[in-house]
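Let's take a walk through this structure together.

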Amino acid sequence: MDAFLAQLPQQIINGLTLGAVYALIALGYSMVYGVLQMLNFAHGDVYMIGAFIGYGVMVALIPEGAPLITPVFIIILMLLVAMLGCGLLGVAIEQFAYRPLRNSPRLAPLISALGVSFFLQNAVQLTLTAEFRNYQTELLIPPGAGFDFGDTRLPMTRALVIVITIILMIVLQYLVRRTKLGKAMRAVAIDREAAAMMGVDVDRVIIATFFIGSALAGAAGVLTGIVFTRVWHFMGFTAGLKGFTAAVVGGIGNIPGAMLGGFLLGMTESFAVGFISPTYRDVIAFVVLVIVLLVRPRGLLGARIPQKV
Amino acid sequence: MSKDKIGKDEWVASYQQRSAGIVGWRGALAGISERLPTWAWFALVIAIGVAIPMLTSNTYIIRVAGNIALMATLAMGLNLVVGYAGLLDLGFVAFYGVGGYVYAYLSSDFSGVHLPTGLTLIIVIGIGLLFGLLLGLPSLRLVGDYLAIVTLGFGQIFVQLMTSMTRVNLPGHERPVNLTGGPNGIVNLDPFSILGFTANTVTDYYYVLLAVMVIILIVGFHLNNSRIGRAWRSLREDELAADAMGMPTRQLKLLAFALGAAIAGLSGALFAAWQGSVFPGNFDIALLINVYAIIVLGGLGSLPGVIVGSVLMIAIPEILRNVELAGQLFYLLIIVTLIATLRPRWQSVALLVSVIVFGLILKPILVALSPASFAALEATSSGFVDTIRNWLAIPIEAKAVGNLAFGALILMILLVTRIKDMRVRFIALIPTLYLLSFVWETRLSQEPSITRLLFVGVLLIVLMIYRPNGLLGERRVEVV
């Protein structure tokens, strides 16, 4: 029990970091599902592209092992460029792979998304090879930096991830709850046709949703790179699966649900690694998922909408 | 229109009537296929299947054909669940894996058990049914995407457990027991042998796989046309309405899951016997994607679609293995696509000529601008691909430039599809096509394995855009 208590805060920190990344990915899944009722399986690969864009910016700005500008600006620049790039990528994917399928059977966009996912993964493998790339986080954030709370240590990198995630979530909440665009998004999510009849430009809303969701995934990619340093072309697959899981646990289509689901999944995994066994990490995460869904079939915060006939 | 119209409304029927009125050779072909009775189709498939090993002794081709038969069997199982009953099951491959592992346990030195294959297959099917029921139970509570994620979770758990259950503390054993062989799998399985026939060669296995495929297809055909099949379709179209009409929806869902799982288990056992070993990696998500691609390509709920989809998804990547052949096919495909899409037709000829001239002009200019970056011109050339390589201005740094060109190509293609003006598009197509062949020669043909997957991705997207119901799928309107 003592060992458990001693480890607990550290595992919570690990869980929060992991959960932050999952939550950011889950948000994109959930938002797209909200407006289009489709699973964007290529979302994990957008996240992977984000990690690579961040890597590219980092390499460009740290040419000889010495940062050209203040590290803080490099991090901000990495995030902004990756978010912008991924946002545009998301919009392009929507335009070319999903828009023509908007009135098709439900499985068609799913398969098209799988196609996009294949394409992105292999395009990256073709141009950048299958090697692992390493973020040089130590050049941006001194390895020793961090906060100590007794025996527990909150490294700077992890603190940064958690803080940036929380900032992004607050901005998103403001966007969705307080702006006209957010209102339109919520309207489209509730009933696309009715929203269109009320004068909402549905296409614009869908583009905006893809842009925001993909930008969040791009940020998640850069944050992953900063904390876990290793990026490669196949990283989007597992992460996408986890993000999807988190979105479903929270109740897909529900933004606070995606955040909650992400953090919950991160915590579960980190506890599984810390207290049970690292080998069963994914198994435990999925068992928790199955249990949650069996108890609450529409996710934790999912509304019990009566079925439309 | 001999097929029944259950599950289609009048609008669909009229649409099909219109689409049935296709003229020309496509119409003639459609007419022939309409008149041919179903047993004739089965006979045709069997005849082609049986003939393959007689026409060629190339074991590679027979192996690919066997793979197609195996995947068709597996896809038929998935088609029952997703195509007929409309349950989005993403854990399907786990059943395939269960079948494979059960076969491995019951016929190898790993467990020390060597049962006769016939008995093993019966056990495999039984366990498949059982697992299908187990996994089907949550499906009674969950709908749509929630069901998808839970089943996906089961699939992931299966692979994880098979990979990691190498040191399990069991009561009654002092040391941790290796239950699954871990990433190294279970090897040296007994060969498939039933009723005195033992499969030794690739051809033997091919016939076994073909026989099983035909049996499963016949079962699937009769299921689809039975009471149960109709009930499944009603469930797929509208669960609430089916329930209101008195369909036992719970039992129907469980039945679909169980039968699908049993078929998957059977194909998994065959796979294990054929490969002679099982590894967790054999049952991962890549296979799931492949099977889904097969049934969606062929058309959900379509029986011939299963075969067509398997042929396409297995054979095309195999054909692309041969670089020279792949190159010729690649250029042929481009030309055919141009002829098929550009109107008036002379445009495609004009375009090709323009591209060739463009290349001929571009190369001397580039070489003159920076002679250092191009290798000395090869004076002689033979063969189609060499000619093209000579025509292109391929720099010494082919890889790096090719990568950049690949990025530019994607942008150009996306741009071209957005241009509405005919003349502008024609002009934009010239550099796009040049880039396309440049990228093919510098990068794509150099990395065949990656290129294959790239093409699969593009194929899935393009196919879904032009034929969202798959190649042989029924057109139907989604009830909103």
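What percentage of the 480 residues in chain B do buried residues make up? They make up 38%. Keep in mind as we go that this is a predicted model.

## Meet the two chains

Let's begin with chain A. It has 12 helices and four strands, and of its 309 residues, 52% count as buried. Its C-alpha atoms fill a box of roughly 55 × 50 × 35 Å along the principal axes.

Chain B has 19 helices and four strands. In chain A, take the contacts between residues at least 6 apart in sequence: 77% of them join residues at least 24 apart. In chain B, residues 24 or more positions apart account for 75% of the contacts with a separation of 6 or more.

## One helix up close

Now zoom in on helix α12 of chain A, residues 281-295. At 1.5 Å a residue, its 15 residues should span 21 Å, and the end C-alpha atoms are 22 Å apart, which agrees.

Which residues of α12(A) are buried? Among them are Asp282(A), Ala285(A), Phe286(A), Leu289(A) and Leu293(A). Here's a handy rule when you look at a list like that: an α-helix has 3.6 residues a turn, so residues three or four places apart point the same way.

## Where the chains touch

How many residues of chain B are in contact with chain A? The count is 37, and they meet 40 residues of chain A. On the chain B side, helices α7 (144-164), α12 (285-298), α17 (398-418) and α19 (448-466) each supply at least two residues. Sorted by class, that side of chain B has 25 nonpolar, seven polar and five charged residues.

## The nonpolar core

The largest nonpolar core has 227 residues. Leu24(A), Ala219(A), Ala256(B) and Val291(B) are the ones with the most contacts inside it. Helix α11 of chain B (residues 249-275) gives the most to this core, with 18 residues. Domain 2 (40-301) and domain 3 (324-446) of chain B both give residues to the core, so it lies between them.

Pick out Ala256(B) and look around. Leaving aside residues up to four places away in sequence, it touches Leu80(B), Val81(B), Tyr84(B), Ala85(B), Leu87(B) and Trp232(B).

First find Leu209(B), in helix α8 (residues 202-224) of chain B. Is Leu209(B) buried or exposed? Leu209(B) has 27 C-beta neighbours inside 10 Å, so it counts as buried; the cut-off for that is 20 or more. From Leu209(B) to Arg452(B) is 243 residues in sequence and 26 Å in space, C-alpha to C-alpha.

Next, find Ala315(B) in helix α13 (residues 303-319) of chain B. Ala315(B) has 15 C-beta neighbours inside 10 Å, so it counts as partly exposed. Apart from residues up to four places away in sequence, Ala315(B) touches Val64(B) and Ile68(B). Ala315(B) and Asn67(B) are 248 residues apart in sequence, yet 9.3 Å apart in space, C-alpha to C-alpha.

Terms used:
Residues are numbered from 1 along each chain as its sequence is written. Chains are lettered from A and ligands numbered from 1 in the order in which they are written. This is a predicted model: local features need pLDDT of at least 70, side-chain atom pairs count only at pLDDT 80 or more; totals for chains, interfaces and linings use all residues. A residue is buried if 20 or more other C-beta atoms lie within 10 Å of its own, exposed if 12 or fewer, and partly exposed in between; C-beta atoms are placed from the backbone. Two residues are in contact if their C-beta atoms, placed from the backbone, lie within 7 Å. A nonpolar core is a set of buried Ala, Val, Leu, Ile, Met, Phe, Trp, Tyr and Cys residues joined through C-beta atoms within 7 Å. Domain bounds come from an automatic or database domain assignment. The expected span of a helix is 1.5 Å times one less than its number of residues. Ala, Val, Leu, Ile, Met, Phe, Trp, Tyr, Cys and Pro count as nonpolar, Asp, Glu, Lys and Arg as charged, and the others, Gly among them, as polar.
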